[in-house]
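Trainee: Hi! Could you walk me through this model when you have a minute?
Mentor: Happy to, let me put it on screen.

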Amino acid sequence: MNVRIGLGQPIARAQVGLEWTDLLPALDSVHFPMLWALDPYGDAVFNERQVPLLLAELDRLPEAYCGEWVGQARELCQVVQSGTHRFLCFVGD
């Protein structure tokens with residue numbers, strides 16, 4: 001995970017990544033559309049208007065899905081919200 005300005009150079013990075021498990025594809029796309037969009041092989045990019053939706057989903061995420069990545073994702077969301085033209089990127093393989 002990282003935050004980029006204009007999809008260019010990263011300005012902030014997470015210290016841990018999201019460990020892909022069978023649980024993530026099982027998320028309900030209706031209740032977790034932002035997290036459901038994550039792809040282990042491709043990148044997922046969230047803009048400043050999508051970040052509040054992602055944060056709301058992280059608040060409702062069942063404990064089985066949580067880990068250190070959730071706290072770091074929240075911190076990176078704050079970086080996106082603190083400026084303009086910033087994007088939160090989940091980088092796949």
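This is a predicted model: local features need pLDDT of at least 70, side-chain atom pairs count only at pLDDT 80 or more; totals for chains, interfaces and linings use all residues.

Trainee: Okay. How many residues does α3 have, and how far does it reach?
Mentor: α3 has 14 residues and spans 21 Å from its first C-alpha to its last, close to the 20 Å expected at 1.5 Å a residue. That expected span is 1.5 Å times one less than the number of residues. Helices here are DSSP runs of H or I with at least four residues, strands are runs of E with at least two, and both are numbered from the N terminus.

Trainee: Which residues of α3 are buried?
Mentor: W69, V70, Q72, A73, L76, C77 and V80 are buried in α3. Buried means under 20% relative accessible area, exposed over 50%, and partly exposed in between, with a 1.4 Å probe and protein chains only. Down the axis of α3, the buried residues fall within an arc of 165°, so they line one face of the helix. The arc is taken from the directions from the helix axis to the C-beta atoms.

Trainee: Why would a helix sort its residues like that?
Mentor: An α-helix has 3.6 residues a turn, so residues three or four places apart point the same way. On the other side of α3, E68, E75 and Q78 are exposed.

Trainee: And what do the buried residues of α3 pack against?
Mentor: They pack against β1 (2-5), β2 (10-13), α1, α2 (51-60) and β4. Contact here means heavy atoms within 4.5 Å.

Trainee: What about α2, which residues are buried there?
Mentor: V51, L54, L55, E57 and L58 are the buried residues of α2. Their arc is within 160°, so they line one face of the helix. Their cover includes α1, β3, α3 and β4.

Trainee: Changing topic: how many disulfides are there?
Mentor: The structure holds 0 disulfides, a disulfide being a pair of cysteine sulfur atoms within 2.5 Å. C77 is in none, and the nearest cysteine sulfur, that of C89, is 11 Å away.

Trainee: Is C89 buried or exposed?
Mentor: C89 is buried, with a relative accessible area of 2%. C77 is at 0% relative accessibility, so it counts as buried too.

Trainee: How many aromatic pairs does the count give?
Mentor: The count comes to 1 aromatic pair. The rule pairs rings of Phe, Tyr and Trp (its six-membered ring) with centres within 6.5 Å; planes under 30 degrees apart are stacked, over 60 edge-to-face, and the rest tilted. The rings of F46 and F90 have centres 5.7 Å apart and planes at 85°, so the pair is edge-to-face. F46 is in strand β3 and F90 in strand β4, 44 residues apart, and the pair links distant parts of the chain.

Trainee: Last one: where is H85 found?
Mentor: H85 is in the loop between α3 (68-81) and β4 (86-90). H85 has a positive phi of about 55° although it is not a glycine, and at 58% relative accessibility H85 counts as exposed.

Conventions: Residues are numbered from 1 along each chain as its sequence is written. Side-chain values use heavy atoms; hydrogens and water are left out.
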